[in-house]
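The points run from the whole chain down to single side chains.

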Amino acid sequence: METILSPRCLSPPLIPKLSSSHQSKHATSSSLALSNPTVLGPKHLSTRFSAKPESWLTDAKQGLAALSLSLALTFSPVGTALASEFNILNDGPPKETYVVDDAGVLSRVTRSDLKKLLSDLEYRKKLRLNFITVRKLTSKADAFEYADQVLEKWYPSIEEGNNKGIVVLITSQKEGAITGGPAFIEAVGEKILDATVSENLPVLATDEKYNEAIYSSAKRLVAAIDGLPDPGGPEVKDNKRESNFKTKEETEEKRGQFSLVVGGLLVIAFVVPMAQYYAYVSKK
(Lines give C-alpha, C1' and ligand atoms only; values in the text may rest on other atoms or scores of the structure.)
Protein backbone atom coordinates (compact mmCIF):
# COMPACT_ATOMS: atom_id res chain seq x y z
CA MET A 1 0.00 0.00 0.00
CA GLU A 2 1.44 3.29 -0.95
CA THR A 3 1.73 6.16 1.45
CA ILE A 4 1.14 9.46 -0.13
CA LEU A 5 3.11 12.32 1.53
CA SER A 6 1.84 15.74 1.16
CA PRO A 7 4.13 18.60 0.11
CA ARG A 8 3.64 20.19 3.48
CA CYS A 9 5.32 17.27 5.21
CA LEU A 10 8.43 17.64 3.01
CA SER A 11 9.04 21.28 3.89
CA PRO A 12 11.69 22.01 6.58
CA PRO A 13 10.54 22.77 10.07
CA LEU A 14 10.05 26.40 10.82
CA ILE A 15 12.53 28.05 13.23
CA PRO A 16 10.94 30.73 15.26
CA LYS A 17 12.56 34.16 14.82
CA LEU A 18 13.80 35.99 17.83
CA SER A 19 12.52 39.39 18.42
CA SER A 20 14.82 42.38 18.08
CA SER A 21 14.67 43.10 21.80
CA HIS A 22 15.69 39.56 22.61
CA GLN A 23 18.62 39.74 20.15
CA SER A 24 19.94 42.96 21.58
CA LYS A 25 19.68 41.59 25.08
CA HIS A 26 21.56 38.46 24.09
CA ALA A 27 24.29 40.49 22.35
CA THR A 28 24.66 42.73 25.35
CA SER A 29 25.05 39.81 27.69
CA SER A 30 27.61 38.23 25.37
CA SER A 31 29.70 41.41 25.17
CA LEU A 32 29.58 41.81 28.91
CA ALA A 33 30.68 38.26 29.34
CA LEU A 34 33.64 38.79 27.03
CA SER A 35 34.66 42.08 28.60
CA ASN A 36 34.82 40.72 32.14
CA PRO A 37 38.50 40.07 33.09
CA THR A 38 39.52 36.58 33.90
CA VAL A 39 40.41 36.30 37.55
CA LEU A 40 43.60 34.32 38.02
CA GLY A 41 43.87 31.96 40.86
CA PRO A 42 46.80 31.75 43.26
CA LYS A 43 48.54 29.30 41.00
CA HIS A 44 48.54 31.71 38.06
CA LEU A 45 49.73 34.64 40.21
CA SER A 46 52.66 32.72 41.59
CA THR A 47 53.69 31.69 38.10
CA ARG A 48 53.49 35.20 36.68
CA PHE A 49 55.48 37.03 39.38
CA SER A 50 57.98 34.38 40.37
CA ALA A 51 61.62 35.33 39.49
CA LYS A 52 63.99 33.06 37.65
CA PRO A 53 66.30 31.07 39.92
CA GLU A 54 69.42 32.47 38.21
CA SER A 55 68.47 36.16 38.45
CA TRP A 56 69.49 36.71 42.09
CA LEU A 57 72.78 34.89 41.52
CA THR A 58 73.56 37.09 38.50
CA ASP A 59 72.78 40.26 40.46
CA ALA A 60 75.02 39.10 43.30
CA LYS A 61 77.91 38.45 40.92
CA GLN A 62 77.53 41.88 39.32
CA GLY A 63 77.46 43.54 42.73
CA LEU A 64 80.63 41.76 43.85
CA ALA A 65 82.39 42.69 40.61
CA ALA A 66 81.48 46.36 41.04
CA LEU A 67 82.66 46.30 44.66
CA SER A 68 85.98 44.70 43.70
CA LEU A 69 86.58 47.30 41.00
CA SER A 70 85.80 50.13 43.40
CA LEU A 71 88.19 48.79 46.03
CA ALA A 72 90.93 48.27 43.44
CA LEU A 73 90.65 51.87 42.26
CA THR A 74 90.53 53.18 45.81
CA PHE A 75 93.57 51.33 47.14
CA SER A 76 95.59 51.27 43.94
CA PRO A 77 99.14 52.62 44.50
CA VAL A 78 99.07 54.46 41.18
CA GLY A 79 95.88 56.24 42.15
CA THR A 80 97.38 57.15 45.52
CA ALA A 81 100.54 58.51 43.90
CA LEU A 82 98.54 60.62 41.48
CA ALA A 83 96.33 61.91 44.28
CA SER A 84 99.31 62.95 46.42
CA GLU A 85 101.02 64.75 43.54
CA PHE A 86 97.93 66.73 42.61
CA ASN A 87 97.05 67.36 46.25
CA ILE A 88 100.41 69.05 46.73
CA LEU A 89 99.75 71.24 43.70
CA ASN A 90 96.20 72.14 44.68
CA ASP A 91 96.78 72.68 48.41
CA GLY A 92 99.31 75.42 47.83
CA PRO A 93 102.39 76.29 49.89
CA PRO A 94 102.40 75.43 53.60
CA LYS A 95 101.38 78.36 55.76
CA GLU A 96 102.65 77.50 59.23
CA THR A 97 105.63 75.36 58.21
CA TYR A 98 108.07 75.18 55.33
CA VAL A 99 107.72 71.45 54.68
CA VAL A 100 105.28 69.23 52.78
CA ASP A 101 106.34 65.74 53.85
CA ASP A 102 104.08 63.68 51.62
CA ALA A 103 106.52 60.73 51.75
CA GLY A 104 106.37 60.72 55.55
CA VAL A 105 110.13 60.38 56.05
CA LEU A 106 110.95 63.45 58.15
CA SER A 107 111.07 63.35 61.92
CA ARG A 108 109.56 65.90 64.26
CA VAL A 109 113.01 67.18 65.18
CA THR A 110 113.89 67.81 61.54
CA ARG A 111 110.63 69.66 60.98
CA SER A 112 111.28 71.86 64.00
CA ASP A 113 114.87 72.61 62.98
CA LEU A 114 113.79 73.48 59.45
CA LYS A 115 111.11 75.83 60.72
CA LYS A 116 113.61 77.73 62.88
CA LEU A 117 116.23 77.93 60.14
CA LEU A 118 113.91 78.91 57.29
CA SER A 119 111.73 81.32 59.27
CA ASP A 120 114.87 83.21 60.29
CA LEU A 121 115.98 83.28 56.65
CA GLU A 122 112.63 84.65 55.51
CA TYR A 123 112.67 87.30 58.24
CA ARG A 124 116.19 88.50 57.45
CA LYS A 125 116.48 88.06 53.67
CA LYS A 126 112.83 88.09 52.57
CA LEU A 127 113.42 84.78 50.79
CA ARG A 128 111.13 81.82 51.36
CA LEU A 129 112.35 78.25 50.87
CA ASN A 130 109.94 75.28 50.86
CA PHE A 131 110.83 71.58 50.99
CA ILE A 132 108.69 68.79 49.48
CA THR A 133 109.12 65.03 49.81
CA VAL A 134 107.27 62.67 47.47
CA ARG A 135 107.43 58.88 47.32
CA LYS A 136 107.07 58.49 43.56
CA LEU A 137 106.31 60.58 40.50
CA THR A 138 103.85 59.31 37.90
CA SER A 139 102.61 62.47 36.19
CA LYS A 140 106.02 63.99 35.40
CA ALA A 141 109.24 62.62 33.99
CA ASP A 142 111.66 63.82 36.67
CA ALA A 143 111.98 65.89 39.82
CA PHE A 144 113.00 69.09 37.98
CA GLU A 145 109.87 69.11 35.85
CA TYR A 146 107.67 68.53 38.87
CA ALA A 147 109.45 71.24 40.88
CA ASP A 148 108.85 73.77 38.09
CA GLN A 149 105.19 72.75 37.99
CA VAL A 150 104.82 73.28 41.74
CA LEU A 151 106.48 76.70 41.54
CA GLU A 152 104.19 77.84 38.73
CA LYS A 153 101.09 76.49 40.49
CA TRP A 154 101.86 77.94 43.91
CA TYR A 155 103.13 81.29 42.66
CA PRO A 156 101.49 82.02 39.28
CA SER A 157 103.00 85.47 38.74
CA ILE A 158 106.64 86.50 38.57
CA GLU A 159 106.14 88.93 41.45
CA GLU A 160 104.85 86.16 43.72
CA GLY A 161 107.55 83.63 42.83
CA ASN A 162 110.48 86.02 42.50
CA ASN A 163 111.88 85.39 46.00
CA LYS A 164 110.60 81.82 46.43
CA GLY A 165 112.58 78.58 46.28
CA ILE A 166 111.41 74.96 46.20
CA VAL A 167 113.39 71.80 46.95
CA VAL A 168 111.86 68.46 45.90
CA LEU A 169 113.08 65.03 47.04
CA ILE A 170 111.77 61.84 45.40
CA THR A 171 112.43 59.03 47.87
CA SER A 172 111.84 56.08 45.53
CA GLN A 173 114.07 57.47 42.78
CA LYS A 174 116.72 58.78 45.21
CA GLU A 175 116.94 62.12 43.43
CA GLY A 176 116.04 65.73 44.02
CA ALA A 177 115.64 69.09 42.33
CA ILE A 178 115.81 72.78 43.24
CA THR A 179 114.00 75.58 41.47
CA GLY A 180 112.99 79.13 42.28
CA GLY A 181 112.39 82.66 41.16
CA PRO A 182 115.09 84.98 39.76
CA ALA A 183 115.87 86.61 43.12
CA PHE A 184 116.26 83.25 44.86
CA ILE A 185 118.47 81.76 42.13
CA GLU A 186 120.70 84.83 42.14
CA ALA A 187 121.03 84.80 45.94
CA VAL A 188 122.09 81.15 46.08
CA GLY A 189 124.20 80.89 42.94
CA GLU A 190 124.32 78.24 40.24
CA LYS A 191 127.37 76.52 41.72
CA ILE A 192 125.78 75.80 45.10
CA LEU A 193 122.50 74.81 43.46
CA ASP A 194 124.21 72.23 41.26
CA ALA A 195 126.34 70.93 44.13
CA THR A 196 123.34 70.51 46.43
CA VAL A 197 121.33 68.66 43.78
CA SER A 198 124.21 66.36 42.85
CA GLU A 199 125.64 65.75 46.34
CA ASN A 200 123.39 66.34 49.34
CA LEU A 201 120.09 65.05 48.01
CA PRO A 202 121.01 61.92 46.00
CA VAL A 203 123.97 60.69 48.06
CA LEU A 204 122.19 60.77 51.41
CA ALA A 205 118.89 59.60 49.91
CA THR A 206 120.65 56.54 48.50
CA ASP A 207 121.55 55.58 52.07
CA GLU A 208 117.94 56.44 53.08
CA LYS A 209 119.16 59.28 55.30
CA TYR A 210 116.30 61.52 54.28
CA ASN A 211 116.36 63.78 57.34
CA GLU A 212 120.05 64.51 56.87
CA ALA A 213 119.56 65.02 53.13
CA ILE A 214 116.89 67.67 53.67
CA TYR A 215 118.47 69.51 56.59
CA SER A 216 122.01 69.53 55.14
CA SER A 217 120.61 70.93 51.89
CA ALA A 218 118.79 73.66 53.80
CA LYS A 219 121.92 74.66 55.72
CA ARG A 220 124.01 74.70 52.56
CA LEU A 221 121.52 76.92 50.71
CA VAL A 222 121.13 79.30 53.67
CA ALA A 223 124.91 79.58 54.04
CA ALA A 224 125.20 80.52 50.37
CA ILE A 225 122.49 83.18 50.73
CA ASP A 226 124.24 84.63 53.79
CA GLY A 227 127.58 84.67 51.98
CA LEU A 228 129.18 82.19 54.38
CA PRO A 229 131.73 79.52 53.37
CA ASP A 230 130.25 76.46 51.74
CA PRO A 231 129.90 73.66 54.33
CA GLY A 232 130.20 71.15 51.51
CA GLY A 233 128.29 67.99 50.83
CA PRO A 234 128.64 64.40 52.00
CA GLU A 235 131.53 62.29 50.87
CA VAL A 236 130.75 60.03 47.96
CA LYS A 237 131.60 56.48 48.89
CA ASP A 238 133.72 54.57 46.42
CA ASN A 239 131.99 51.23 46.09
CA LYS A 240 134.48 49.83 43.60
CA ARG A 241 135.71 46.38 44.54
CA GLU A 242 139.36 45.43 44.29
CA SER A 243 140.13 43.10 41.45
CA ASN A 244 141.26 39.57 42.24
CA PHE A 245 143.14 39.24 38.94
CA LYS A 246 146.92 39.52 38.84
CA THR A 247 148.60 42.23 36.85
CA LYS A 248 150.92 41.46 33.94
CA GLU A 249 154.06 42.19 35.99
CA GLU A 250 152.87 39.96 38.83
CA THR A 251 152.08 37.19 36.36
CA GLU A 252 155.54 37.38 34.75
CA GLU A 253 157.23 37.33 38.15
CA LYS A 254 155.25 34.31 39.29
CA ARG A 255 155.93 32.56 36.00
CA GLY A 256 159.72 32.98 36.45
CA GLN A 257 159.59 31.60 39.95
CA PHE A 258 157.52 28.65 38.77
CA SER A 259 160.03 27.87 36.01
CA LEU A 260 162.91 27.79 38.50
CA VAL A 261 161.03 25.46 40.81
CA VAL A 262 160.07 23.09 38.02
CA GLY A 263 163.62 23.09 36.63
CA GLY A 264 165.05 22.30 40.05
CA LEU A 265 162.65 19.41 40.55
CA LEU A 266 163.54 17.95 37.16
CA VAL A 267 167.26 18.12 37.96
CA ILE A 268 166.72 16.41 41.27
CA ALA A 269 164.53 13.75 39.67
CA PHE A 270 167.22 12.77 37.13
CA VAL A 271 170.53 13.57 38.82
CA VAL A 272 169.94 12.09 42.27
CA PRO A 273 169.01 8.56 41.03
CA MET A 274 171.97 8.55 38.64
CA ALA A 275 174.35 9.63 41.39
CA GLN A 276 173.02 6.92 43.67
CA TYR A 277 173.43 4.32 40.92
CA TYR A 278 176.99 5.48 40.18
CA ALA A 279 177.92 5.26 43.85
CA TYR A 280 176.43 1.78 44.10
CA VAL A 281 178.35 0.52 41.04
CA SER A 282 181.67 2.03 42.13
CA LYS A 283 181.57 0.14 45.43
CA LYS A 284 181.58 -3.23 43.68
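**Notes on the predicted model**

1. Among contacts in the protein between residues at least 6 apart in sequence, 66% join residues at least 24 apart. Please keep in mind throughout that this is a predicted model.

2. The secondary structure comes to twelve helices and four strands. Of the 284 residues in the protein, 26% are buried.

3. Strand β2 covers residues 128–134, and seven of its seven residues are buried, so β2 is largely enclosed by the rest of the structure. R128, N130, I132 and V134 point one way from the strand, while L129, F131 and T133 point the other way.

4. β2 has strand partners in β1 (residues 99–101) and in β3 (residues 164–170). The pairing with β1 is parallel, over three bridges; the pairing with β3 is also parallel, over seven bridges. T133 takes part in both: its bridge partners are D101 and L169 of β3.

5. Helix α6 (residues 108–125) belongs with β1 and β2 to a β-α-β unit, and that unit is left-handed. I would look at this crossover in the 3D view.

6. How many aromatic pairs does the structure hold? The count is zero. Two tyrosine rings do have a lysine charge over them: the charged end of K126 sits 5.7 Å from the ring centre of Y123, and that of K164 sits 5.1 Å from the ring centre of Y155.

Terms used. Residues numbered from 1 in each chain as written. Predicted model: local features only at pLDDT ≥ 70, side-chain atom pairs only at ≥ 80, totals over all residues. Heavy atoms only, no water. Phe/Tyr/Trp six-rings, centres within 6.5 Å; stacked < 30°, edge-to-face > 60°. Lys NZ or Arg CZ within 6 Å of the ring centre and 35° of its normal. Helix = DSSP H or I, 4+ residues; strand = E, 2+ residues; numbered from the N terminus. Buried < 20%, exposed > 50% of the residue type's maximum accessible area, 1.4 Å probe, protein only. Contact = heavy atoms within 4.5 Å. Pairing = 2+ DSSP bridges. Right-handed = clockwise from strand over helix to strand, strands pointing away.
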